[in-house]
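Biologist: Hi! Could you walk me through this model?

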Amino acid sequence: MVGKQLSSFLQTMADWLPHAATPEPTENLVNVPPGIVNSVGELVTQLSIPVPYQVTIKEALVEALHDWQANPEFENNSLVVLGRPVEDIVPILKASLHEEFPDCDVHFFLGGYQRPPDPLTLPQHLKRELEPADEVPSEIATPVTQTDLDNHVPTVMVVSSLEQCFLRCIQGWEGIEYLQTLSTQDPSRFWVFGCNHWAWAFLERVCQVSAYLENVVALPDLSGAELKEWLSPLLETHIETQSAGPIIRVAAASDGYWNSLANASGGIASTAVQVWLKSLQVRAEAVTEEGAVVDGMSLVELLPDKPTVPGLMPLEAMDRYLLHSLLIHREMTRSHLAISLGEAERSIRSRLQVLRREGIVRQRGRRFSVHPAYYPRLHSELGNNNFLIGKT
């Protein structure tokens with residue numbers, strides 16, 4: 001046992017030591033100019049879904065479908081895919097299931113769904129989306145023969161984001177109870193639900209959701225090698241900025257760097273890519289004192305420095321409750337956030353502005369969410385303050 005522990009410790013040290021050589025510590029490095037950061041950031045949004053995520057979902061669905069088709073009256077007819085609150089699971093499910101199951105009739109629902117202003121009307125909203133009047137569900141005859149299995153085209157109903165189907169408030173989870181009933185009472189269709197760990201932990205507490213939706217699979221933590229492979233399109237090509245600007249190239253990093261990135265980010269893709277962006281530096285001679293690229297430079301190299309998650313400002317009690325609610329629902333409007341906290345909107349406006357200014361909270365239109373880079377710190381902060389939290 002001691003030998004194994006020593007071997008593990010030495011391997012960990014070996015992973016960290018090569019990082020010191022990338023880049024050379026004697027180099028004078030400065031922050032990347034904002035224009036270049038924006039150009040690289042735009043390309044980040046075009047990255048494909050990490051392969052390990054897709055493989056995990058496909059393998060789980062193939063197994064669950066096989067069991068259900070063989071015994072539809074008794075086997076669970078659902079699969080829940082859990083991710084972190086800072087991961088948008090909608091595109092992950094679409095990339096994993098779209099055109100990958102030609103023998104199934106796959107339907108995607110509520111991909112861009114926005115909770116109605118009155119959360120108590122959620123069940124009616126969901127019913128209109130999921131139970132059109134002219135829909136007649138297909139049935140699998142029982143007992144099932146091999147011919148039945150060969151000829152039947154299963155219907156797969158994908159509800160991409162359970163977080164948007166409820167609100168953390170009094171009677172706010174009736175939409176989830178409706179989905180539980182709908183899926184379990186109709187064994188003729190198979191259901192795939194996307195959710196995050198924090199929302200799932202909350203729903204387990206208030207309505208024992210796993211008693212109805214028993215089959216659960218979690219997205220895996222990505223290793224350093226997997227993060228490197230995922231980001232390889234940005235590492236192997238030159239990045240062109242404006243027509244008059246220089247070409248950007250990201251320098252190669254050691255295996256130690258990628259392992260450090262995986263450790264810092266918890267293996268979460270959305271967090272890792274933001275930490276990776278923040279770790280990029282340029283040589284001081286490539287930029288002016290004002291932070292612009294030196295005139296005449298045709299190539300600017302971005303050098304990966306030590307990856308670290310940003311620190312947190314001191315949080316007030318209201319900040320913690322606000323962030324906890326945001327992480328349960330992944331993104332919310334200010335009005336729904338106020339309802340969730342039992343506060344007037346004006347009471348949370350100032351704290352929301354502070355958290356936005358610090359970069360911890362992001363805003364897209366009317367909806368607010370937590371910046372992925374801060375998730376590891378917030379997980380520890382809220383867990384240490386006895387909040388109900390999900391997986392790291």
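Predicted model: local features only at pLDDT ≥ 70, side-chain atom pairs only at ≥ 80, totals over all residues.

Biologist: Great! Is helix H8 (residues 197-207) mostly buried or exposed?

Modeller: Buried: 8 of its 11 residues are, so H8 is largely enclosed by the rest of the structure. Buried means under 20% relative accessible area, exposed over 50%, and partly exposed in between (1.4 Å probe, protein chains only). Helices (H or I, at least four residues) and strands (E, at least two) are DSSP runs, numbered from the N terminus.

Biologist: Which residues of H8 are buried?

Modeller: Among them are Trp198, Trp200, Phe202 and Cys207. Their cover includes strand S2 (78-83), helix H7 (174-184) and helix H15 (375-384).

Biologist: What happens just after H8?

Modeller: Gln208 takes a positive phi of about 50 degrees there.

Biologist: New topic! How many disulfides are there?

Modeller: The structure has 0 disulfides (pairs of cysteine sulfur atoms within 2.5 Å). Cys104 counts as buried at 16% relative accessibility, and Cys169 is buried at 15%.

Biologist: And how do H12 and H14 cross?

Modeller: The axes (lines fitted to C-alpha atoms over the stretch in contact, with angles from 0 to 180 degrees between N-to-C directions) of H12 (residues 317-329) and H14 (residues 345-357) come within 10 Å and cross at roughly 80 degrees.

Notes
Residues numbered from 1 in each chain as written. Heavy atoms only, no water. Contact = heavy atoms within 4.5 Å.
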